[in-house]
Amino acid sequence: MANVIEVENLYFEYKDGTRALCGLNLAVEEGVKAALLGPNGAGKSTLLMHLNGIHLARKGKVRVMEQEVTAKNEKWVRTVVGLVFQDPDDQVFSSTVWEDVAFGPTNMGLALSEITDRVEKALKAVRMLDYKDKPPYHLSYGQKKRVAIAGVLAMSPQVIVLDEPAAYLDPQGKMELVEILDELNRKGNTVIVATHDVDLAAEWAEQVVVIKNGRTLAQGGASLLAEESVIVEAGLCFPVVARIFQQLPELDLTHTPLTVAEAVAVIRERIK
Amino acid sequence: MLESLFYCRGNMDSLLYRLDPRVKVVSLVGFVAFTSALGTWPALLSGLVFLLLLAGISRISAFYLVKRLAWILPFGGILVIILPFAVPGEPLFKIFSLNASIEGTGQAVVLTMRLLNAVAALSLLTATTGFKDLMMAFRALRVPQIFVLLIEFTVRYISVLTDEARRMQIARKARGFEKGRSLLHRCTFQVAGKLIGILFIRSFERSERVYNAMLARGYAGGVRVDGDPRLGREDLCWGAVILVFAAGLWLIEFGGVQWPMLLK
């Protein structure tokens with residue numbers, strides 16, 4: 001399948017001289033669930049800003065749906081790639097939930113009826129339609145997060161990129177978030193999640209990109225998360241499920257299970 | 001704290017609540033402009049009575065109105081106390097060796113009543129209009145986008161900012177910091193300074209993130225397209241009543257002497 005996002009040899013330096021990206025490469029296939037893994041300060045957030053055209057590549061290239069992102073098509077890029085920010089208080093700024101979700105579609109210059117339609121659908125998708133007239137500061141953190149996601153969904157982007165979506169969420173909120181992301185993926189969206197939560201990545205992602213110090217360390221399937229060289233060098237740790245099976249060499253497994261479902265299957269087979 | 005901004009109080013079915021926000025803004029701000037130009041107490045008193053009548057019809061609680069009007073005290077109160085003594089003229093009464101003049105007292109009364117009129121009119125506006133409707137009215141009336149956005153952002157982020165300050169305060173307390181007796185206490189003063197500094201930097205950084213998030217959703221500085229329902233005849237009539245009353249007071253006072261002669 002074609003790559004929906006391609007990043008080639010990307011460099012980025014902040015005004016104060018901090019080097020955030022130093023020759024980063026990655027490719028994300030269309031329609032997958034991808035996780036962008038890396039420790040704090042690896043350059044994840046900076047990279048995400050490039051995918052949405054907020055930062056433009058000064059050296060290197062960013063391609064979205066085979067078109068290079070430039071100042072000319074940045075508006076189009078923002079309708080194709082939706083970016084959900086880490087802190088919902090940064091993103092949800094309007095005086096009511098409804099207005100905030102309508103912000104993106106309004107900027108796209110859509111007709112009022114179309115905007116109403118999209119806002120309603122987006123709020124339904126994140127299960128927040130009942131809160132449409134509430135001011136955002138009345139909502140819980142998880143609810144604000146869902147409104148932030150709805151604000152991006154309403155623009156109907158093909159690719160949805162989320163920066164640390166599970167941070168500060170309670171277990172229930174995390175589960176609901178994963179359900180929402182899966183639902184979006186089923187509808188055909190490519191979903192990219194930047195995180196340092198290896199368990200979330202192991203359970204959820206089909207494709208994994210590991211970055212550190214502004215460079216790509218490795219990319220491939222979720223099985224990457226059981227490879228010692230990658231995990232240690234990236235400053236991450238193994239998923240909990242993998243850690244359990246690593247303590248059991250006597251099982252003599254060909255590959256380490258990463259998800260709860262895989263682990264259950266292995267155990268069930270052994271106790272037969 | 002912000003509760004009052006978002007929710008209207010009183011009977012949602014009464015006159016002022018139902019009035020179109022745009023009409024309310026124009027007529028009540030116009031009312032303030034005209035009554036601020038009045039210079040005699042009978043005219044100002046009529047204005048105030050008119051506003052109280054409006055409040056009565058709209059069933060706004062008297063308690064709420066008094067609470068709002070009390071805000072005048074810290075701002076206008078001092079001026080009103082000083083004025084009688086500061087303006088030279090015929091003495092009215094004496095406190096210690098200070099003479100209060102009749103002229104000064106007259107000016108103090110007029111000033112107080114102007115303030116009462118202005119604050120009461122704007123209280124009627126905010127008490128009967130939700131924050132969202134008010135902002136929409138501003139937009140519809142072509143108030144520059146930057147002002148409307150400034151108001152909206154201030155209201156939206158003030159709670160985020162106070163939350164941040166409170167968390168920092170608690171974190172300081174957790175490490176054994178105790179407030180000094182006053183701001184003159186050197187250590188307290190230093191810590192308070194740092195807190196304000198950090199809050200400023202955090203707000204600045206947040207503003208950049210907020211702006212980026214707006215860009216990410218295609219913001220280009222444009223004005224929003226809102227639904228634009230026509231003004232009803234009833235709305236316009238009531239707006240006109242409020243404006244005409246204030247303008248009338250002003251005209252009567254302006255030409256107070258000539259009018260009776262014209263009528264003859």
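Buried means under 20% relative accessible area, exposed over 50%, and partly exposed in between, with a 1.4 Å probe and protein chains only. By this rule, B:Arg22 and B:Asp20 are both buried. These two residues form a salt bridge, that is, a side-chain nitrogen of Lys or Arg within 4 Å of a carboxyl oxygen of Asp or Glu.

This is a predicted model, in which local features need pLDDT of at least 70 and side-chain atom pairs count only at pLDDT 80 or more, while totals for chains, interfaces and linings use all residues. Side-chain values use heavy atoms, leaving out hydrogens and water; residues are numbered from 1 along each chain as its sequence is written, and chains are lettered from A in the order in which they are written.

Over all chains, the structure holds 23 salt bridges. Three of them are listed here.

| Salt bridge | N to O distance |
|---|---|
| A:Asp87 and B:Arg206 | 3.2 Å |
| A:Asp90 and B:Arg209 | 2.4 Å |
| B:Arg22 and B:Asp20 | 3.1 Å |

Helices (H or I, at least four residues) and strands (E, at least two) are DSSP runs, numbered from the N terminus. B:Arg206 is buried at 10% relative accessible area.

The pair A:Asp90 and B:Arg209 also crosses between chains, from helix α3 of chain A to helix α10 of chain B. A:Asp90 is buried, at 2% relative accessible area, whereas B:Arg209 is partly exposed at 34%. Through shared partners, salt bridges join A:Asp87, A:Asp90, B:Glu164, B:Arg206 and B:Arg209 into one network.
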